[in-house]
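Please read these notes with the structure open beside you. Each point takes up one topic.

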Amino acid sequence: MVRTMRPVHNVLVVEDSFMLLEIIAQLCASQGTRVIEASSGEAALTILRERGATIDWLFTDINLPGLIDGWTVAEAFRAAHPDRPVVYTSTAAKLPPRAVPGSLYLRKPFQIREVNALVRMMRDGVSDDGLRAAG
């Protein structure tokens with residue numbers, strides 16, 4: 001019996017809370033998704049410049065320290081890769097209209113099952129599974 005291997009997906013996770021960044025990274029890795037981590041918008045933009053072609057989807061907090069926020073990171077990612085998924089996260093009850101079209105929003109605090117469902121959806125290309133579409 002021949003088993004087909006799924007392609008490995010790469011996600012850029014942008015989160016300034018180290019503990020939350022590590023939890024998200026572990027959840028992604030446990031499902032076979034390779035994680036590239038950034039703890040600021042500036043670091044994320046550097047990664048996008050250097051390795052943007054290898055990133056399949058973006059998971060970004062909106063409120064980041066420094067001058068570059070999650071909105072700017074998502075806009076830069078989408079400018080280079082208009083067909084790749086963007087997931088925003090924040091504590092705000094509702095996502096403001098600045099989101100890039102076709103993006104998703106996961107409100108903090110989120111449950112592990114929500115992140116797992118999100119990673120499966122990105123990995124398998126399945127439709128929205130309880131996550132709110134943004135924009």
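1. Is F110 buried or exposed? F110 has a relative accessible area of 15%, and buried means under 20%, so F110 is buried. Please keep in mind throughout that this is a predicted model.

2. Two aromatic pairs are counted. In one of them, the ring centres of F59 and F110 lie 6.3 Å apart with the planes at 90 degrees, so this pair is edge-to-face. F59 belongs to strand β3 (residues 57-61), while F110 sits in the loop between β5 (104-107) and α4 (112-124). The two are 51 residues apart, and the pair links distant parts of the chain. Like F110, which is buried, F59 counts as buried, at 2% relative accessibility.

3. W71 and Y88 also form an aromatic pair, and this one is tilted: the distance from centre to centre is 5.0 Å and the angle between the planes is 50 degrees. W71 is in helix α3 (residues 70-80) and Y88 is in strand β4 (residues 86-90), so the pair ties together parts that are 17 residues apart in sequence. Both W71 and Y88 are buried.

4. UniProt lists D61 in an unreviewed entry as "modified residue: 4-aspartylphosphate". D61 is placed in strand β3 and is buried, with a relative accessible area of 5%. Apart from neighbours within four places in sequence, D61 is in contact with V14, E15, D16, G70, T89, S90 and K108.

5. Two of those contacts return in a network of salt bridges that links E15, D61 and K108. Between the side chains of E15 and K108 there is a salt bridge of 2.9 Å, N to O. E15 is in the loop between β1 (10-14) and α1 (18-30), and K108 is in the loop between β5 and α4; they are 93 residues apart. E15 counts as buried at 2% relative accessibility, and K108 counts as buried at 13%.

6. How many salt bridges does the structure hold? The number is five. Among them is the one between R98 and D69, with the closest N and O atoms 3.7 Å apart. R98 lies in the loop between β4 and β5 and D69 in the loop between β3 and α3, so the pair ties together parts 29 residues apart in sequence. R98 counts as partly exposed, at 38% relative accessibility.

7. D124 and R123 form a salt bridge as well, the closest N and O atoms being 2.8 Å apart. D124 counts as partly exposed, at 33% relative accessibility.

Notes:
Residues are numbered from 1 along each chain as its sequence is written. This is a predicted model: local features need pLDDT of at least 70, side-chain atom pairs count only at pLDDT 80 or more; totals for chains, interfaces and linings use all residues. Side-chain values use heavy atoms; hydrogens and water are left out. Rings of Phe, Tyr and Trp (its six-membered ring) pair if their centres lie within 6.5 Å; planes under 30 degrees apart count as stacked, over 60 as edge-to-face and the rest as tilted. Helices (H or I, at least four residues) and strands (E, at least two) are DSSP runs, numbered from the N terminus. Buried means under 20% relative accessible area, exposed over 50%, partly exposed in between (1.4 Å probe, protein chains only). UniProt positions are given in the numbering used here, feature names are shortened, and annotations may be inferred rather than shown by experiment. Contact means heavy atoms within 4.5 Å. A salt bridge is a side-chain nitrogen of Lys or Arg within 4 Å of a carboxyl oxygen of Asp or Glu.
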